[in-house]
Amino acid sequence: MAKYLIRSMILPMTGPDDFYEQGEIAIDGDTIVAVGEKGSAPADFVPDRILDLPDDVVMPGLINTHTHAAMTLLRGYADDMPLMPWLEEKIWPFEAKMNEKDIYWGSLLALCEMIRSGTTTMADMYIGQEQTAKAVLEAGTRAVLSRGMTAFQPEAANRALQENIDLFHQFHNGGDGRLKVYFGPHAPYTCPGEFLQKVKREADRLGTGIHIHVAETRSELATIRERYGTTPVRWLEGLGLFSGRVIAAHSVYLEEEELEIYQKYQVGVAHNPESNMKLNSGTAPIPQMLSRGIAVGIGTDGTSSNNDLDMFGEMRTASFQQKLTGTPDLLSAYEVLNMATNGGAKITGFTGLGRLAPGYKADLISVDLDQPHFYPRFSIPSHLVYCARGSDVRTVMVNGKILMEDRRLLTLDAKTICLEVEKRAKRIGAEVKNLL
Ligand code: NI
């Protein structure tokens with residue numbers, strides 16, 4: 001594998017004051033060997049290639065901690081509805097008509113958009129994940145995949161669980177360690193307790209984690225209260241679900257005592273502010289989580305509840321939503337960047353991600369700061385969160401391999417993928433319409 005020397009501004013995300021105005025990063029294979037001011041790379045380091053990006057800031061690749069990649073097929077298909085009727089009347093009937101190849105192409109489209117907006121790792125939960133795994137291997141990014149499982153019918157639920165197990169055996173640690181497989185029980189209101197415990201036993205047996213939606217809406221709270229006389233978090237704790245690694249998406253409605261539960265079990269939170277706003281779900285108590293040391297990452301959720309996969313937009317919203325519903329000092333730009341990098345690394349369980357430092361993986365992006373909306377340059381973290389958009393990303397590298405250079409995708413053919421998804425999504429839309 002190649003050796004690279006990148007010369008640029010560097011925001012390594014190793015501490016709030018760490019920044020190199022004229023920095024350099026030395027990369028050997030998939031690993032960073034040196035980060036510092038210009039001239040700091042070891043004297044005997046001979047790069048195969050030098051990337052001179054004096055007007056770019058290089059930072060760790062963004063980690064999208066909760067998404068449903070192939071839902072790009074449903075982008076703009078149904079909007080402006082509350083969660084339950086939206087799922088029951090629109091999303092689930094559409095999904096029932098999707099085939100494996102649809103999922104593959106939908107995942108590729110998501111990955112095009114992710115790479116082009118600086119996301120290098122995603123935690124995905126959906127059906128047909130072996131297709132998403134293939135797409136990720138092709139795109140060259142990193143992912144934690146989990147088979148999204150609902151358990152309305154026991155037989156279908158058991159089949160889904162078996163698919164998740166098969167997915168684990170086929171892809172866990174695949175692609176030079178770029179893939180992980182978790183288990184994906186959809187949510188407390190779509191999975192009975194016995195099923196959740198069964199899933200948990202399998203996850204424990206295979207030594208892997210769980211990715212689940214938790215305490216997302218008021219309607220979920222009411223359903224769980226009615227069925228079990230408690231809250232989603234307490235119910236899941238009682239089932240023993242929190243004892244291992246868990247990505248708890250949304251986590252909007254948490255009481256003080258439930259924050260303690262998250263802290264005690266080190267539950268990782270995937271915060272999805274745009275989805276929480278679009279579906280009128282609410283504002284998650286993120287500052288309270290951070291002050292307790294709970295690991296929080298940022299996620300976009302699927303493109304039918306967002307509707308894009310741009311983590312820069314998501315970061316800005318994460319901050320603004322807290323300021324709107326709380327006070328303007330909440331969630332500084334640096335704290336938000338930290339969630340999208342270090343926080344994401346922590347909750348997805350990848351080692352050596354989330355910061356640029358010797359020994360860490362060469363997963364990084366460069367943002368082109370030579371544009372009017374980035375002048376004057378008082379604060380780079382401020383610009384990255386409050387001004388940048390995904391389209392400002394110029395270069396993307398994952399595991400030491402360049403996936404985008406000068407905004408040109410090197411592993412995926414975006415045009416073909418867009419046209420293919422357009423065709424497939426319209427076909428499914430017509431099929432669903434014919435049913436009505
Ligand atoms: Ni979701």
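**Strands, an aspartate and cysteines**

Modeller: Strand S13 (residues 364-368) and strand S14 (residues 393-398) run antiparallel, joined by 4 bridges. Strands here are DSSP runs of E, at least two residues, numbered from the N terminus, and two strands pair if DSSP finds at least two bridges between them. This is a predicted model, where local features need pLDDT of at least 70, side-chain atom pairs count only at pLDDT 80 or more, and totals for chains, interfaces and linings use all residues. Residues are numbered from 1 along each chain as its sequence is written, and side-chain values use heavy atoms, leaving out hydrogens and water.

Colleague: Which residue in S14 is the bridge partner of Leu-364?

Modeller: Met-397.

Colleague: And what's the strand order in the open sheet?

Modeller: S3-S2-S1-S4-S13-S14-S15-S16, 8 strands with mixed pairing. S3 (31-37) and S16 (408-409) are the edges; each has a single partner strand, so one side of each lacks a neighbour in the sheet.

Colleague: Is Asp-368 buried or exposed?

Modeller: Buried, at 16% relative accessible area; buried means under 20%, exposed over 50%, partly exposed in between, with a 1.4 Å probe and protein chains only. Asp-368 sits in strand S13.

Colleague: What does Asp-368 touch beyond four places in sequence?

Modeller: Asp-55, Asp-56, Phe-374, Asp-392 and Arg-394, with contact meaning heavy atoms within 4.5 Å.

Colleague: Switching topic, how many disulfides?

Modeller: 0, taking a disulfide as two cysteine sulfur atoms within 2.5 Å. For Cys-112, the closest cysteine sulfur is in Cys-418, 6.3 Å away and too far for a bond.

Colleague: Cys-112 and Cys-191: buried or exposed?

Modeller: Cys-112 is buried at 4% relative accessibility, and Cys-191 is buried at 1%.
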